[in-house]
Amino acid sequence: MKIFSFSCHVLTNHICNLCINHFLLTNLHYCTWLDYRWEEERATDGSKWSFLEHKGPVMAAPYEPLPSNVRFFYDGKQMKLSPEAEEVATFFAKMLDHEYTTKDTFQKNFFKDWRKEMASEEKSKITDLKKCNFNEMGEYFKAQSEARKAMTKDDKLVMENERLLQEYGFCIMDNHKERIANFRIEPPGLFRGRGDHPKMGMLKRRIRPEDIIINCSKGSKHPKPPPGTKWKEVRHDNKVTWLVSWTENIQGAIKYIMLNPSSRIKGEKDWQKYETARNLKKCVERLRNQYREDWKSKEMRIRQRAVALYFIDKLALRAGNEKEEGESADTVGCCSLRVEHINLYPEKDGQDFVVEFDFLGKDSIRYYNKVPVEKRVFKNLQLFMENKQPEDDLFDRLNTSILNKHLQELMDDLTAKVFRTYNASITLQQQLKELTSPDENLPAKILSYNRANRAVAILCNHQRAQPKTFEKSMQNLQTKIDAKKDQLSDAKRDVKSAKADLKVRRDEKFKKAVETKKKAVERLEEQLMKLEVQATDREENKQIALGTSKLNYLDPRISVAWCKKWGIPIEKIYNKTQREKFAWAIDMAEDDYEF
DNA sequence: AGGAATACTTAGAAACCACCTA
DNA sequence: TAGGTGGTTTCTAAGTATTCCT
């Protein structure tokens, strides 16, 4: 792995001393990116840290049996469940008003797993989910969450949460106190996959200390397991960044506890990611020429590789690893596209060689797009589809590992996902250049920023469900706008009459009155403009999620530079969390930064 | 070579919370 | 002062990519 040098400019020593002094005085303090500038060079042996100490995870709260007045009925008759069976039943009861629980797969999986937890006589009695009545349980939990909502801030729960955060929410890595992202063990419950997931409703087991692997320094104070229990293992592996791991029972996947995005270890990696994307910028034309050549190759595997790469580059598709069938929802990316996911039109809507994409991508989000492509691509696609069934792979001679191996040969550290990062960031930079006009006011500039951001979100197909309250809140906004317009026309009339008064009697007092009234009009016009901008922004945004690209694809230095160039306060673009995550960029980028 | 295991990033939904307004 | 509203935070699933193993 390549290590980036942290020899940053002039300020370095100054910050270094400040930080050391602070460090000595307070022993430990919460660190920002700046504190790392003076850090000694990183190790080059692949280690990620040299000292790591933490308190371990917060285990999920133990199950509290239901009060006896909350009853369960089977086939109309009340039935007392064993604690094990009752706990699983409560998971279902808590989800009762979610349409999820009505799905056949969900019910089947749930019932099968629930029965595994039942005592033998329960098992023989409870044989049909339809005869189970969880309503009292459901009501009970609804009432509980209502009660919790009603409780005030200074409540015990909030205090307890704060205590847990302070005690378990931080660790020490290489002399710095760092925030941990997810220090709580995932509680048991019913698995909810995205989309049409074959395992929805399965029981997500409670994680015990015996399932947990701790990773920390040999010389550190090891986290203690709860009394009477043991960790599965305590290891000391500084080639990885995680503090805690366990294996989850639904997919058999490993879960990790890791540091917050504001941490040095995540920030460095993020920086590195954008540097790789900038390297791609330098050679992307060469690569494009290369794959265009490869469309003519004699070898099928090379043609497929070249067409797939063209899609990844042009449409920002994901790589598309193979997935095990039946283990998760049926979704695809570029390399795993099937014949049924595209349609070819030699001519459509006045355009030649149109490819229509329609498939479910990550998180079962639909990707639908009609794109005119070059004739060679079109002919190749026809060739790839010859003599194939709809469910056959479009690129049968290609997978992500072949593609990435090829990319590595073209550029250091180049993989398929780098194209997404590159195309997202370069699009933002171009759009900002294009959309920002110097004489716009602040809200208009921010609208321009959001529009640039939106262009990227559309490119990356970052969608969200239209908020349930969208129509109503839009109406409310329109009401406000109408009211503001009325106010404005009133104010304008006031100006007129004041001017008339002034004509009749040239007097300081009247002159002043005209000025004030004019000011009022200006203020109202500005307010109206702000509201209208807000309405436009919201309308254009209703099904698009900006957050994902902002957080994961856009080189933050582009935004920082834009803010500096136009005198926009950074707070208008990044909230507190985002500013913490991008502290390195805020610190680093000048107004002339070029991605 | 290819599949399994591992580590890490990316993702949208839900929960939470601060603020406003009727 | 409740109740709506919209931004923020949390949650954890679902990807990508590399490494390990046979």
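**Close-up views of a predicted model with DNA strand B**

**View 1. Helix 7 and the surface near DNA strand B.** Helix 7 gives the largest share of the surface near DNA strand B, namely 3 residues, in a model that is predicted. Helix 7 spans residues 264-294, and it is joined by strand 12 (254-257), helix 11 (416-435) and helix 15 (547-552), each of which supplies at least two residues of this surface. In total, 27 residues surround DNA strand B, and the closest are Lys266, Lys273, Lys362, Thr548 and Tyr553. Of the atoms of DNA strand B that come within 4 Å of the protein, 85% belong to sugar and phosphate. Sorted by the kind of residue, the surface near DNA strand B holds 13 charged, 8 nonpolar and 6 polar residues.

**View 2. Polar contacts between side chains and DNA strand B.** Which part of DNA strand B does the side chain of lysine 48 approach? An N or O atom of the lysine 48 side chain is 2.9 Å from a phosphate oxygen of DNA strand B. Histidine 98 likewise has a polar side-chain atom 3.3 Å from a phosphate oxygen of this DNA strand.

View 3. Strand 9, made up of residues 213-215, pairs with strand 10 in the parallel sense over 3 bridges, and asparagine 215 has arginine 235 of strand 10 as its bridge partner.

**View 4. Two aspartates with positive phi.** Although aspartate 349 is not a glycine, its phi is positive, at about 50°. Aspartate 349 sits in the loop between strand 13 (342-348) and strand 14 (351-360), and it counts as exposed because its relative accessibility is 62%, where exposed means over 50%. Aspartate 363, found in the loop between strand 14 and strand 15 (366-372), has a positive phi near 60° and is again a residue other than glycine. Its relative accessibility is 38%, so aspartate 363 counts as partly exposed.

Definitions and conventions
Residues numbered from 1 in each chain as written. Chains lettered and ligands numbered in written order. Predicted model: local features only at pLDDT ≥ 70, side-chain atom pairs only at ≥ 80, totals over all residues. Heavy atoms only, no water. Helix = DSSP H or I, 4+ residues; strand = E, 2+ residues; numbered from the N terminus. Buried < 20%, exposed > 50% of the residue type's maximum accessible area, 1.4 Å probe, protein only. Near = heavy atom within 4 Å. Polar contact = N/O pair within 3.5 Å; in protein donor to acceptor, adjacent residues only side chain to side chain. Nonpolar A, V, L, I, M, F, W, Y, C, P; charged D, E, K, R; others polar. Pairing = 2+ DSSP bridges.
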